[in-house]
Amino acid sequence: MIVLAATPLGNDDDASPRLRAELEGADLIAAEDTRRLLNLAGRLGITLHGKVVPYHEHNESEVAPQLIEASREGRRVVVVSDAGMPSVSDPGYRLVSLAAAEGVPVTVVPGPSAVLTALALSGLASDRFTFEGFPPRKEGERRRYFESLAAEPRTMIFFESPRRLVATLTAMRDELGPDRRAAVCRELTKIYEEVKRATLAELADWAEGVRGEITIVVEGAPAHVTADASAHVPEVLALHEAGLRLKDAAAHVAAREGLSKNELAKLALAAKQ
């Protein structure tokens with residue numbers, strides 16, 4: 001059998017009895033970072049009897065078939081990521097897909113998840129949500145990506161590097177709207193855990209110098225969002241006549257209504273002409 005096992009985010013006390021038992025009883029352990037796994041085992045006071053092999057995004061396609069074959073030979077294969085649940089923005093889902101296709105049984109040792117922990121702490125709606133992973137790194141792609149999410153009604157959860165946090169929050173502010181509520185969750189379950197809840201505009205100003213593992217939670221588009229951008233063209237033109245640049249007027253209305261600012265600007269320009 002293949003076992004996906006969740007590991008602590010930062011507090012070793014979150015390691016479940018099942019995780020300890022699976023690690024000690026595994027014949028083969030596939031770890032995103034073998035050194036981190038060995039350090040975790042040492043801190044937990046457990047002995048790893050099985051072979052430990054690296055399993056990460058750069059060797060996933062090569063190693064996954066080997067893990068399948070090991071399971072077929074009767075070995076118990078345990079898969080762990082650096083922290084949290086394997087396959088959630090970490091190696092694992094390709095292995096599960098391959099196992100399903102090959103008829104190899106898979107089970108899960110549930111446990112810590114940065115996605116659900118941040119959602120619970122955010123204070124934002126949790127009845128419907130979507131996990132978006134890491135946003136694009138390049139500025140143009142990042143802005144187009146957030147523009148495509150402007151009308152998303154569900155709470156959105158993202159991972160981000162602290163080095164790109166300011167740029168990402170700034171793009172969110174510009175494309176999703178400055179008044180959109182959000183939470184930046186830093187160092188979850190660790191000693192210096194911090195949750196900053198504010199608007200995207202406030203968070204973009206605050207984030208300079210923030211360090212640690214970052215999860216961002218952003219509220220969904222307002223319930224009154226409509227996909228019909230043309231209905232808002234008169235307001236854009238009125239703001240333009242009042243002195244705003246057409247592009248700025250479109251961006252203001254689009255952010256509030258959860259629309260594409262580029263689409264709204266094009267419609268307003270066509271109407272003006």
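This is a predicted model: local features need pLDDT of at least 70, side-chain atom pairs count only at pLDDT 80 or more; totals for chains, interfaces and linings use all residues.
**Entry 1: the largest pocket**

I looked up the volume of the largest pocket and found about 1300 Å³. I then listed its lining, which has 48 residues. Glu32, Asp82, Asp90, Phe134 and Glu213 are the ones nearest the centre of this pocket.

I sorted the lining of the largest pocket by class and got 19 nonpolar, twelve polar and 17 charged residues.

Next I asked which helices and strands give two or more residues to this lining. H2 gives the most, with five residues.

I also checked the domains. Domain 1 (2-112) and domain 2 (115-218) each provide at least three residues of the lining of the largest pocket.

**Entry 2: the second largest pocket**

For the second largest pocket I noted a volume of about 250 Å³. It is lined by 15 residues, and Gly177, Pro178, Asp179, Ala255 and Arg256 are the closest to its centre.

Which helices supply at least two residues each here? I found H7 (165-176) and H10 (246-257). H10 has the largest share of the lining of the second largest pocket, at five residues.

**Entry 3: helices H9 and H11**

I turned to a pair of packed helices. Two packed helices are described by the angle between their axes and by the distance between those axes. For H9 (residues 233-241) and H11 (residues 261-272) I noted an angle of about 70° and axes 9 Å apart.

Are H9 and H11 roughly parallel or roughly perpendicular to each other? Angles of 65 to 115 degrees count as roughly perpendicular. The angle here is about 70°, so H9 and H11 are roughly perpendicular to each other.

I then listed the residues that make the contact. H9 uses Val233, Val236, Leu237 and His240. H11 uses Leu264, Leu267, Ala268, Ala271 and Lys272. By class, the contact of H9 with H11 has seven nonpolar residues, one polar and one charged.

Notes
Residues are numbered from 1 along each chain as its sequence is written. Side-chain values use heavy atoms; hydrogens and water are left out. Axes are lines fitted to C-alpha atoms, for helices over the stretch in contact, and angles run from 0 to 180 degrees between N-to-C directions. Helices (H or I, at least four residues) and strands (E, at least two) are DSSP runs, numbered from the N terminus. Angles under 35 degrees count as roughly parallel, over 145 as roughly antiparallel, 65 to 115 as roughly perpendicular and the rest as oblique. Contact means heavy atoms within 4.5 Å. Ala, Val, Leu, Ile, Met, Phe, Trp, Tyr, Cys and Pro count as nonpolar, Asp, Glu, Lys and Arg as charged, and the others, Gly among them, as polar. On a 1 Å grid over the protein atoms alone, a cavity is a set of points where a 1.4 Å probe fits but cannot get out, and a pocket is an open set with protein on both sides within 12 Å along at least five of seven lines; lining residues have an atom within 4 Å of a point. Grid points are joined across faces, edges and corners, and a volume is the space filled by probe spheres set on the points. Domain bounds come from an automatic or database domain assignment.
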